[in-house]
Amino acid sequence: SLHDALPIYQDVVVRVLKTYGFKASASRFRAAIEPGIEKFKTTGFIKADVSAQSLTNAVVADLGIKD
């Protein structure tokens, strides 16, 4: 889950992601956020050993985004 990967609360992440304001399919959303997650790991806000693909899958599932 997001909570396991991020040192902040999942509800905060979900609220922020919902403010993006565009209706994306799961595949478009994955393409938009997965590279950023990989880069963001270098900041320490996401654990370095977290798979960007796994975290993207968790975000898509938690937000209920469908194709």
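User: What covers the buried residues of helix 3?

Analyst: In this predicted model, the cover over the buried residues of helix 3 includes helix 4, which runs over residues 52–63. The buried residues in question are A26, F29, I33 and I37.

User: What makes the approach of the T56 side chain to the backbone oxygen of A52 a polar contact?

Analyst: A polar atom of the T56 side chain lies 2.8 Å from that oxygen of A52, and the cut-off for such a pair is within 3.5 Å.

User: Where does helix 3 have a kink?

Analyst: The kink, of about 25°, is found at I33, shortly before the proline P35. From its first C-alpha to its last, helix 3 reaches 20 Å, which is close to the 21 Å expected.

User: Why is the pair of F40 and F45 called stacked?

Analyst: The structure holds one aromatic pair. In that pair, the ring centres of F40 and F45 are 5.7 Å apart and the planes stand at 15°, so the pair is stacked, given that pairing needs centres within 6.5 Å and stacking needs planes under 30 degrees apart.

User: Why does F40 count as partly exposed?

Analyst: The relative accessibility of F40 is 40%, and partly exposed is the class between buried, under 20%, and exposed, over 50%, so F40 counts as partly exposed.

Conventions
Residues are numbered from 1 along each chain as its sequence is written. This is a predicted model: local features need pLDDT of at least 70, side-chain atom pairs count only at pLDDT 80 or more; totals for chains, interfaces and linings use all residues. Side-chain values use heavy atoms; hydrogens and water are left out. Helices (H or I, at least four residues) and strands (E, at least two) are DSSP runs, numbered from the N terminus. The expected span of a helix is 1.5 Å times one less than its number of residues. The bend at a residue is the angle between axes fitted to the seven residues ending there and the seven starting there. Buried means under 20% relative accessible area, exposed over 50%, partly exposed in between (1.4 Å probe, protein chains only). Contact means heavy atoms within 4.5 Å. A polar contact is a pair of N or O atoms within 3.5 Å; within protein, one must be able to donate a hydrogen and the other to accept it, and residues adjacent in sequence count only if both atoms are side-chain atoms. Rings of Phe, Tyr and Trp (its six-membered ring) pair if their centres lie within 6.5 Å; planes under 30 degrees apart count as stacked, over 60 as edge-to-face and the rest as tilted.
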